[in-house]
Amino acid sequence: MNPQELTDNPVSLSMATYTGVWTKSEAGHLLRRTLLGPTNQQLLDAVALGMSGTVAQLLTMNTISEPLTYDAGEAIAAYGTTWVNSVYPSGATQIMNTDAARSKSLGAWIMKRLNNPEVSITEKMCLFWQNHFAVSDMSDMRGTYNYLMKIREHSLGNVKQLVKDITIEPAMLVFLNGGTNTVYNPNENYARELLELFTVGKGPQTGPGEYTNYNEADVSAGAKILTGYVVDGIKSTTLTSPVPHFYAVLHDSSNKQLSTHFNATLIANNGATEYADYIDVIFQQNAVANYICKKLYRYFVNYDLTADVETNVIPVMAATLVNNNYEILPVLEELLSSEHFYDVALRGSIIRSPLEYVMGMINATNWTPNYGLATDSEMYVTLYYAAGMMGQYYGAPPNVAGWPAYYQVPNFSKLWANSSTIKLRFDHANYVTLFSGYPVNG
């Protein structure tokens, strides 16, 4: 199809199941959007399996191992064993060295996951949710690991349950001050982002303190609802992991009045599970499904959310999400099997993120390291920093909204290829293809 034909033919807006030709071109489009660099054999296998079979394979969660100790700075876990349920050592120097060792181990574990050869959308969805529920690394790597695993656990599951679990996940409690939000000193940070970034979305401002989907009174009420949780066990020498702990004495036990945006619902005191009652009310609003589906669309299809897409595509996806009680799999299956997804005019419309660029080059050439735990891990850490220098450190988005390329109007993914990072992309390609690669342990 030539460029003139692309201009003359309007984009299909149909969410009906795609029944057109199924060649390496269509299979490649599907796998490039859902994996981090498919191999040629995977493309050929997808052609043979057909669209429905390939989509079904993609929507099956793969398995992973735990991060392993390989750096001598680790003071507790032995070489080749995992540290994720280990205590911390005593002594400032040992703590500092152990933190550094676990941070490197975690980075290697992340990149090994992205180097997984299985045909599964899991890692792309983990990256989606990790951007959606953006936190920075905890000072305790066990907490960061638990946060990443919580996302993975629900990455292909129920969105409502994911929001509930993330709300009291120690990494989030620390990052958005939920662990210091008490009846004596309410903190609105998480209550605001729960609405603005995680569920209904803000929408245009409609008046003083009023937005399309909530108002400032809802933020204030939400902060009171969420009081009482603290984080115990950070860098503990006795507890094997940071844990959320609810203290009734720190919780606001009054009734909390929500606005008409939430049907003027009154949230009664319910102690440790009151936050879940509140989230159930939030998810009664259609705005949640619309907001989540718009982000999914921009992530997998096209960042240009046109008026036609808003009218004909997003409502179909949102209805599927609501009708399936916020299970994400039916929405993904519908989207990845739709006529709209395979429209030729939408292919190549998204610039790869740094992680997709770095790992896409590695994975497409069927490369996996096999030099022993220490060298393999250092290789993965080197790739972690390569992607980070281009603007995307996994597990460390620049702010609570995530990476700007996923939300910043009007450029979106074009932001990945700016004047600073484009040269780094060229340099990386040269290192990998023309020179001897990155030097790691000789």
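I will go from the chain as a whole to a few single places in it.

What we are looking at is a predicted model, in which local features need pLDDT of at least 70 and side-chain atom pairs count only at pLDDT 80 or more, while totals for chains, interfaces and linings use all residues. Residues are numbered from 1 along each chain as its sequence is written, and side-chain values use heavy atoms, with hydrogens and water left out.

Let me begin with the overall build. The chain has 19 helices and six strands, where helices (H or I, at least four residues) and strands (E, at least two) are DSSP runs numbered from the N terminus. Its radius of gyration is 23 Å, close to the 22 Å that the globule rule gives for 442 residues, so the chain is as compact as a globular protein of that length; the radius is taken over C-alpha atoms, and the rule is 2.2 Å times the number of residues to the power 0.38. Along the principal axes, the C-alpha trace spans about 65 × 55 × 40 Å.

How much of the chain is buried? Of the 442 residues, 53% count as buried, and by that word I mean under 20% relative accessible area, with exposed meaning over 50% and partly exposed in between (1.4 Å probe, protein chains only). If we take the contacts, meaning heavy atoms within 4.5 Å, between residues at least 6 apart in sequence, then 70% of them join residues at least 24 apart.

A helix that illustrates burial well is H8, residues 159-167, in which eight of the nine residues are buried, so this helix is largely enclosed by the rest of the structure. Among those buried residues are Lys-160, Lys-164 and Asp-165, and the cover over the buried residues of H8 includes helix H6 (122-132), helix H7 (141-154) and helix H12 (274-282).

Now to the cysteines. A disulfide is a pair of cysteine sulfur atoms within 2.5 Å, and by this rule the count is zero.

Next, some details of the backbone. As a rule, most residues other than glycine have a negative phi, and most peptide bonds are trans. Tyr-326, however, has a phi near 70°, which is positive; this residue lies in the loop between helix H15 (314-323) and helix H16 (329-336) and is buried, at 4% relative accessibility. Asn-441 likewise has a positive phi, near 50°, but Asn-441 lies in the segment after H19 and is exposed, with a relative accessible area of 56%. A cis peptide bond, with omega about 0°, joins Val-409 and Pro-410, and Pro-410 is found in the loop between helix H18 (373-389) and helix H19 (421-433).

My last stop is Leu-239, in the loop between strand E3 (229-232) and strand E4 (243-246), which is partly exposed at 38%. Leu-239 and Asn-85 are 154 residues apart in sequence, and yet their C-alpha atoms are 8.7 Å apart in space. Not counting residues up to four places away in sequence, Leu-239 touches Val-87, Arg-142, Asp-232 and Gly-233.
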